Amino acid sequence: MNDPEDSLPAIVNHVLQLFQSFSGSVRDLITQFDGCTGRKAGIIAANYTKTPAAELGFNETEGAFR
């Protein structure tokens with residue numbers, strides 16, 4: 001059986017492309033995901049709340065989802 005951690009870099013690359021194409025903050029982008037509004041979006045994006053999503057690199061994007 002495949003380890004889910006093995007596919008994480010590929011998923012992060014796709015998410016990174018999404019982040020880099022978004023013109024708002026990380027928090028603004030997180031609120032676009034189903035069920036991630038208000039307080040939950042703030043918790044998920046805590047380290048990057050006001051950071052423009054397009055400024056995140058691979059490591060920051062990966063860290064936002066761990």
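Predicted model: local features only at pLDDT ≥ 70, side-chain atom pairs only at ≥ 80, totals over all residues.
Me: Before looking at any residue, what average pLDDT does the chain have?

Reply: Good place to start. The chain averages a pLDDT of 84, and 85% of the residues score at least 70.

Me: And where in the chain is confidence lowest, and where highest?

Reply: Helix 4 (residues 58-64) has the lowest confidence, at a mean of 79, while helix 2 has the highest, at 92.

Me: Which residues make up the largest nonpolar core?

Reply: A core is read as buried nonpolar residues joined through side-chain atoms within 4.5 Å. Here the largest one has 11 residues, among them Phe 19, Leu 29, Ile 30, Tyr 48 and Leu 56. Helix 2 (residues 26-30) gives the most to this core, with 3 residues.

Me: Now Ser 25: is it buried or exposed?

Reply: The test is relative accessible area, with buried meaning under 20%. Ser 25 counts as buried because its relative accessibility is 13%. You will find Ser 25 in the loop between helix 1 (8-21) and helix 2.

Me: What does Ser 25 touch?

Reply: Look past the neighbours within four places in sequence, and Ser 25 is in contact with Thr 49, Lys 50, Thr 51, Pro 52 and Ala 53.

Me: How should I class Lys 40, then, buried, partly exposed or exposed?

Reply: Values between 20% and 50% fall in the middle class. Lys 40 has a relative accessible area of 48%, so it is partly exposed. Lys 40 sits in helix 3 (residues 38-44), and its C-alpha atom is 9.9 Å from that of Arg 27, 13 residues away along the chain.

Terms used: Residues numbered from 1 in each chain as written. Heavy atoms only, no water. Helix = DSSP H or I, 4+ residues; strand = E, 2+ residues; numbered from the N terminus. Buried < 20%, exposed > 50% of the residue type's maximum accessible area, 1.4 Å probe, protein only. pLDDT = per-residue confidence, 0-100. Contact = heavy atoms within 4.5 Å.
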